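Me: I am new to this structure and want to know what lies behind the terms used for it. Let us go through them one by one.

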Amino acid sequence: MHEAFKTHAIGATIKEKIHSLDVWENNIYVGTGDGHVLLFHVEMMANTAGVEECKVFLEMRKFVGVGKKPIDQICVVEQIGKIIILCDGNVAVYDLSTLDLDMALGGIKGANVFAVNREPPFYELCVAVKKKLHVFAFVGSGGSTYFLRKDLVVPDSVSSLAYSGGKVYAGYKREYTIMDESSGQVTELFSIEGKLQSTSIAVVGQDEVVLAGEDVGVALDSSGLPTRGGINWKLPPVNLACCSGSFLLAQTSKGVDVFTLFDQKNVQAIQLPNGTCIASNDERIVAASKDRLLLLQPVAIHEQSSEMIRRGMVEDGLELFEQCMDRSEEDFETIECSIRQQAGLEFFRTLQFQAAVRQWKSGKTPPLEVMSMFPTCHVRGVDPSKEDVNSIVARAVKEEV
């Protein structure tokens, strides 16, 4: 286990019950049990001791509901400047900045859940009503609006929904299906055993989702084929979220369990009893209980790897770095050299000399730097400009013996 996310309690007082939320940049949108949307602005600031703290400011509180019905779902679509809200079975589109009503989806009553497509065709909206899915196309020019494009039939009432590319993933009481949106063909993915309270779906990327079962999460591609091993959890999740395609967060009745997707390991357990909802924008995640918000700030991958190596989890730290580190980062080569130098030292300390040399060579550590790692060991007759890492380490070992 290691710290993949730093947690910050959001101290803002929320008197109403939290029913839904979404996050965009430094803004948190909270849907309450009495039809209000609260807009919080978050700033990370260092205190006098240099420790980073979370400061939260309530920017807006606006009633957008029907009567005092709860806000069941909020979805920020920042690319088009909209926020979509589900309340009392009605779906409406609001301006992201002002929360002014742009339009209500006509003819939609009794909606259970909706999903927005983040892949082509962009920003299409799929709304589940009983045993039907209503697909709305977004028109950006001449008023920015949604219009009904088609209706699709599904086997049962939908409880969870994801829309990615041309595929619609749906969770029901006892099964999951995948639908080809263009043809309307529905394929059963798997049945749910046990007492799972609710189904949940997380979109990992353009061609991958994770579906929650009672004991295991199943990762599938757009053809319904497994993409990786099962993700085993002790408690069935009530919600799922993904961060940067590297981590899966499973919100349970006790908190949030964090898993690395590449090896399906549970790496962190965060306490937050009675969880209700969770939202991610990759840069930060917000989880909520009925009356409390918790900010989860991702720790940089190389910092996670370095800490794991420092604690003796060298192989795990290196694998995390190799699998999850973004190689397009400007300072990637410098960071990689530092990580492999650190790993090499740890291997050397535990007498794993060949492993140490491999890391130093992989990180392209200059021979002179290798010598500087052993200030108490004076390797006689070595010319760093002419000898490689292997020979320097071999001489150092011989001298120390």
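Me: What makes strand 6 and strand 7 a pair, and in which sense do they run?

Reply: This is a predicted model. Two strands pair if there are at least two bridges between them. Strand 6 and strand 7 (residues 82-87) have 6 bridges. They count as a pair, in the antiparallel sense.

Me: Which residue in strand 7 stands opposite Val76?

Reply: Ile83 in strand 7 stands opposite Val76.

Me: What is the order of the strands in the open sheet?

Reply: The sheet has 4 strands, in the order 6-7-8-9. Their pairing is antiparallel. On average, neighbouring strands are turned by 20° against each other, with direction ignored.

Me: Why do strand 6 and strand 9 count as edges?

Reply: Strand 6 (71-77) and strand 9 (101-104) each have a single partner strand, so one side of each has no neighbour in the sheet.

Me: Now the helices. Why are helix 3 and helix 4 called roughly antiparallel?

Reply: Helix 3 (residues 332-349) and helix 4 (residues 353-362) pack at about 170°, with axes 8 Å apart. Angles over 145 degrees count as roughly antiparallel. Helix 3 and helix 4 are therefore roughly antiparallel.

Me: Which residues make that contact, helix 3 with helix 4?

Reply: From helix 3 they include Arg340, Leu345, Phe347 and Phe348. From helix 4 they include Phe353, Gln359 and Trp360. By class, this contact has 8 nonpolar, 4 polar and 1 charged residues.

Me: How do you know that helix 2 and helix 3 are roughly antiparallel too?

Reply: The axes of helix 2 (residues 314-324) and helix 3 cross at roughly 165°. The cut-off is over 145 degrees. Helix 2 and helix 3 are therefore roughly antiparallel. Their axes come within 10 Å, and the crossing is left-handed.

Me: What meets what between helix 2 and helix 3?

Reply: Among them, Val314, Leu318 and Phe321 are on the helix 2 side. Ile335, Ile339 and Phe347 are among those on the helix 3 side. The residues of this contact divide into 8 nonpolar, no polar and 5 charged.

Me: What does the protein chain as a whole come to, in helices and strands?

Reply: It has 6 helices and 28 strands. The C-alpha atoms fill a box of roughly 85 × 50 × 45 Å along the principal axes.

Me: How many of the residues count as buried, and by what cut-off?

Reply: Buried means under 20% relative accessible area. Of the 401 residues, 49% are buried.

How values were computed:
Residues numbered from 1 in each chain as written. Predicted model: local features only at pLDDT ≥ 70, side-chain atom pairs only at ≥ 80, totals over all residues. Heavy atoms only, no water. Axes fitted to C-alpha atoms, helices over the stretch in contact; angles between N-to-C directions. Helix = DSSP H or I, 4+ residues; strand = E, 2+ residues; numbered from the N terminus. Parallel < 35°, antiparallel > 145°, perpendicular 65-115°, else oblique. Contact = heavy atoms within 4.5 Å. Nonpolar A, V, L, I, M, F, W, Y, C, P; charged D, E, K, R; others polar. Left-handed = near helix turned anticlockwise from the far one by under 90°. Buried < 20%, exposed > 50% of the residue type's maximum accessible area, 1.4 Å probe, protein only.
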